[in-house]
Amino acid sequence: MTATEGNGGNEGGGGDRAAGVRHTWDDGLIARRAHRRAAGRAAGRPARAMDQGAAEEAAPDIPGAAAGYFPEEAVRRSFGGPPYAVYQAGVRSFATGTLRPRLEALRQLVGLSRSRLEGRTLAGAARVLDEADARGRHPYGHTVVAVAGATGSGKSTLFNALAGAPLSETGIRRPTTATPLACAWTDHADGLLDRLGIPAVDRRNPGYPYDPALRGLVLLDLPDHDSAAPGHRERVDRLLGLVDAVVWVVDPEKYADAVLHERYLRPLAGYAEVTFVVLNQVDRLPGEAADQVLDDLRRLLDEDGLALGEHGEPGAAVLALSALTGEGVGELRETLARLTAECGAAERRLSADVDGTMTRLRPQYVADSGPVGLTERARAEFEDQLAEAAGAGAAGKAAERAWLRDAEWACGTPWGRLRGRKGRASGTSRGGSRGSRAHGAGEWTEIPGARARTLAVEAVTARPAVEEAVRTLGDEATAGLPGPWAQAVREAAGWGGRGLAEAVDEAVAAETAHRRPVRPVWWSMVAAAQVTVLLVQVMGVLWLLGAMAGVFGGPEWWLPALLVMGGAAVGPTLAWGSRAAARGPARRHGRSVEGRLREAAAECGRRRVLEPVETELARYGEVRAQYVVAAGGV
């Protein structure tokens with residue numbers, strides 16, 4: 001964002017405005033004071049610069065005044081008065097210390113939240129950032145203090161007493177102050193007053209002799225906040241949102257006015273450090289009445305949240321004075337002098353703005369309902385539900401049974417294999433296609449590897465289970481999340497869950513389409529043994545037949561009979577032993593098939609659901625971290 005510096009970055013910024021200098025802020029972050037630019041200007045006009053000793057003498061109370069030179073016009077006399085030094089650009093940067101990282105975190109927070117929260121929810125934070133940018137373009141050494149009060153409270157009289165001259169009209173006519181008046185203890189507050197909307201005709205200088213302790217103070221006399229005149233209250237409300245500190249003037253008659261407390265003081269409880277409450281007209285109270293009224297005022301301020309906390313928390317300063325007689329005015333002047341010399345009122349005011357904004361935004365970023373995020377248990381349960389919906393367990397059992405049948409067919413007797421082939425052929429002709437061909441051994445199994453193509457009914461049946469898994473995951477992921485972010489996580493899970501059942505079917509089908517188990521070597525060895533046994537049996541039968549027909553001589557007919565009977569016993573024994581030996585590999589094969597299908601379904605679920613959900617949770621984690629920084633680390 002590019003912005004024109006209202007005062008050129010220093011108190012006398014008129015030179016920069018005339019030159020049309022523009023400054024660029026990086027990504028809208030709060031303006032950084034341009035030290036190099038200030039040094040360059042100082043180096044470019046040595047003939048007009050004072051020496052360092054003169055600078056120190058001209059501005060002994062200005063922090064960092066000896067760090068550089070002041071322009072010559074900074075020490076000119078104002079209306080015949082003594083010189084007022086200018087705060088050099090770069091000597092004190094605005095939003096230093098803890099405020100700057102908080103504002104940067106708030107800016108990041110707003111940027112990350114725009115797509116998740118409504119614009120009106122973030123409007124207050126955006127206004128605070130704009131105000132910080134606008135205030136940061138003006139000298140940090142200036143302190144803008146508004147004198148506010150109700151009709152007849154004597155605020156204009158107090159304003160004149162502080163200024164040392166009758167600058168604001170006073171009298172019995174009400175309202176007396178119609179437009180805001182400004183009195184500046186500096187010659188270079190034009191940029192700030194332009195920002196406040198104070199026209200040149202309403203700008204005044206303090207009475208002579210000037211009070212050097214108030215150097216840098218800009219005092220405003222506001223219209224009456226309870227005025228019935230049109231526009232007065234709007235002007236007061238606008239300026240109260242822009243000044244650095246407020247002096248509230250109350251009188252013994254209306255110090256407990258409900259409008260004052262409910263409309264102004266109570267909502268400004270967070271600004272106690274830059275709020276001063278002055279009980280004026282104490283000269284009208286006899287005896288100890290002033291102390292009693294002051295005590296009652298403190299009680300009301302305590303109820304408003306503005307009083308000093310019992311553990312030493314900052315509270316509003318409460319003073320009693322008489323602007324008419326001058327009693328107590330000196331104490332208020334000293335208080336304002338200390339506030340101005342600290343050069344920290346603007347930062348404290350903006351810190352209070354940020355505090356209030358973060359308090360209002362807390363429900364959008366913080367939920368006190370337990371831990372946030374997906375647990376490993378929730379992830380594992382989601383993947384298990386997808387695997388069950390995909391039929392991974394049933395597929396593993398089917399693969400185990402198919403392995404056993406293949407082992408039985410490969411290691412069985414030749415007569416058994418012949419019967420099994422005929423049975424499968426007849427079953428196929430009666431029932432048609434009942435599944436997918438597996439293992440290359442002619443076995444029709446129940447493995448749902450191609451069920452996206454052949455078992456559409458089963459895929460439809462699995463869809464409710466997939467949808468339930470997605471809903472359960474969404475509930476687990478949103479536990480402990482504030483409403484807007486919980487909604488974002490649910491939407492991410494919902495979008496990923498659309499078409500997830502079909503995607504899982506395709507992933508499972510692709511996993512099993514071209515996979516065939518490796519045929520164990522011992523199956524071939526057993527098959528060869530079965531063929532050998534069959535040959536021995538055939539040879540024994542032929543031998544026995546020949547012996548019975550007398551083709552072979554000798555009485556040894558029992559030998560071929562033994563061969564036939566032995567072959568009949570050895571073949572089934574080999575088949576039975578092979579079935580027993582195949583159970584362990586069959587279980588491992590079933591688990592392997594189940595594991596592959598589970599992984600295929602889980603990978604599909606991770607890609608389509610878990611990753612978007614975790615992305616949203618990571619986004620919330622980043623936003624939550626920025627909120628913690630912006631809220632002051634609490």
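Trainee: Which side chain of opposite charge is nearest to Asp-251 in this predicted model?

Mentor: Asp-251 is buried, yet Asp-251 has no salt bridge. A salt bridge requires a side-chain nitrogen of Lys or Arg within 4 Å of a carboxyl oxygen of Asp or Glu. The nearest side chain of opposite charge lies 5.1 Å away, and that side chain belongs to Lys-254.

Trainee: Which backbone nitrogen does the side chain of Asp-251 reach at 2.8 Å?

Mentor: Asp-251 is placed in the loop between strand 7 (245–250) and helix 9 (258–265). A polar atom of the Asp-251 side chain lies 3.0 Å from the backbone nitrogen of Lys-254. At 2.8 Å, the side chain reaches the backbone nitrogen of Glu-253.

Trainee: Which residues does Asp-251 touch, not counting those up to four places away in sequence?

Mentor: Contact here means heavy atoms within 4.5 Å. With residues up to four places away in sequence left out, Asp-251 touches Gly-152, Ser-153, Leu-279, Asn-280 and Gln-281.
Across the protein, among contacts with a separation of 6 or more, residues 24 or more positions apart account for 76%.

Trainee: How many residues apart are Arg-135 and Asp-244, the two partners of a salt bridge?

Mentor: The closest N and O atoms of Arg-135 and Asp-244 are 2.9 Å apart, and the two residues form a salt bridge. Arg-135 lies in helix 5 (residues 119–136), while Asp-244 lies in the loop between helix 8 (232–240) and strand 7. The pair thus links distant parts of the chain, and the separation is 109 residues.

Trainee: Are Arg-135 and Asp-244 buried or exposed?

Mentor: Buried means under 20% relative accessible area. Arg-135 has 1% relative accessibility, so Arg-135 falls under that limit. Asp-244 has a relative accessible area of 2%, and therefore Asp-244 also counts as buried.

Trainee: Which two helices hold Arg-263 and Asp-237?

Mentor: The side chains of Arg-263 and Asp-237 meet in a salt bridge, at 2.6 Å from N to O. The pair ties together parts that are 26 residues apart in sequence, because Arg-263 lies in helix 9 and Asp-237 in helix 8.

Trainee: Where do Arg-299 and Asp-296 lie?

Mentor: The side chains of Arg-299 and Asp-296 meet in a salt bridge of 2.7 Å, N to O. Arg-299 is partly exposed at 40% relative accessibility, and Asp-296 is partly exposed at 23%. The two residues are three residues apart, about one turn of the helix, and both lie in helix 10 (residues 289–304).

Trainee: Which residues form a nonpolar patch on the surface?

Mentor: One member, Val-541, lies in helix 20 (residues 521–548) and is partly exposed at 36% relative accessibility. Together the members have about 480 Å² of accessible area, and they are Val-538, Val-541, Leu-542, Leu-545 and Met-548.

Trainee: How far apart in space are Trp-495 and Arg-608, C-alpha to C-alpha?

Mentor: Trp-495 is found in helix 18 (residues 483–497). Trp-495 counts as exposed because its relative accessibility is 59%, and exposed means over 50%. Trp-495 and Arg-608 are 113 residues apart in sequence, and their C-alpha distance in space is 8.3 Å.

Methods
Residues numbered from 1 in each chain as written. Predicted model: local features only at pLDDT ≥ 70, side-chain atom pairs only at ≥ 80, totals over all residues. Heavy atoms only, no water. Patch = residues over 30% accessible without salt bridge, like charges linked within 9 Å, V, L, I, M, F, W, Y side chains within 5 Å. Areas by Shrake-Rupley, 256 points an atom, 1.4 Å probe, with all protein chains shown as cover. Helix = DSSP H or I, 4+ residues; strand = E, 2+ residues; numbered from the N terminus. Buried < 20%, exposed > 50% of the residue type's maximum accessible area, 1.4 Å probe, protein only. Lys, Arg positive; Asp, Glu negative; His and termini not counted. Polar contact = N/O pair within 3.5 Å; in protein donor to acceptor, adjacent residues only side chain to side chain.
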